[in-house]
Amino acid sequence: MGELPIKWRAAIGSGYTGPTVADGRVFVMDRVTQPSQREQVHCFDAQTGESLWSYSYECPYERVEYKAGPRASVTICDGRAYSLGTMGHLHCLDAKSGKVIWGRDCRQEYQARVPVWGIAAAPLIEGDLVVELKAVETVHAVHCAQLLTYLRAGGFRRGLLINFNVMKLVNGVR
């Protein structure tokens, strides 16, 4: 078997997120440190690689050990792009234009402590249900805050927080 041919490339900053492909677009997050520390959400045309839009916000990393960039992939649902940054910045963007629909700072809003690995899980969204998946030793206030923020800001009716780092899965469901 041969390698897949490269269709296009795009220069972005560092980060741990994987690309999300939806509706002929590719979404990805990154981090830049010059001239200031910022996280960014990018949207590219899936066929050509043309940059369609980027959204950037100030985001100094504090007490985070892995500083390369965001961890959670962008979630796309019903024409909206949901991004969750390392320090708990949660944004809902119009997937076509990149216009901010709403944004929240979970850390500030809920006085939550960000773990040393940062915030690292993208939500699953289906209809009016938001599911947050975790694999953590302890469910912290910031984990519940993320889910509450999705529910309140996004108008979702149901939420489920599942922690897979437990002996019995039923003990990890909230």
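Tutor: Buried means under 20% relative accessible area, exposed over 50%, and partly exposed in between, with a 1.4 Å probe and protein chains only. This is a predicted model, in which local features need pLDDT of at least 70, side-chain atom pairs count only at pLDDT 80 or more, and totals for chains, interfaces and linings use all residues. Residues are numbered from 1 along each chain as its sequence is written, and side-chain values use heavy atoms, with hydrogens and water left out.

Student: What makes α2 mostly covered?

Tutor: Of the 14 residues in α2, 10 are buried, among them Val 142, Leu 147 and Tyr 150.

Student: How do you know that the span of helix α2 agrees with its number of residues?

Tutor: Helices are DSSP runs of H or I with at least four residues, strands are runs of E with at least two, and both are numbered from the N terminus. The expected span is 1.5 Å times one less than the number of residues, so the 14 residues of α2 (residues 141-154) should span 20 Å, and the end C-alpha atoms, 19 Å apart, agree with this.

Student: Why is the contact between Arg 107 and Glu 62 called a salt bridge?

Tutor: A salt bridge needs a side-chain nitrogen of Lys or Arg within 4 Å of a carboxyl oxygen of Asp or Glu, and the side chains of Arg 107 and Glu 62 meet at 2.9 Å, N to O. Arg 107 lies in helix α1 (residues 106-109) and Glu 62 in the loop between β4 and β5 (75-77), so the pair ties together parts 45 residues apart in sequence.

Student: Why is Arg 107 called buried?

Tutor: Its relative accessible area is 15%, so Arg 107 is buried, whereas Glu 62, at 33%, counts as partly exposed.
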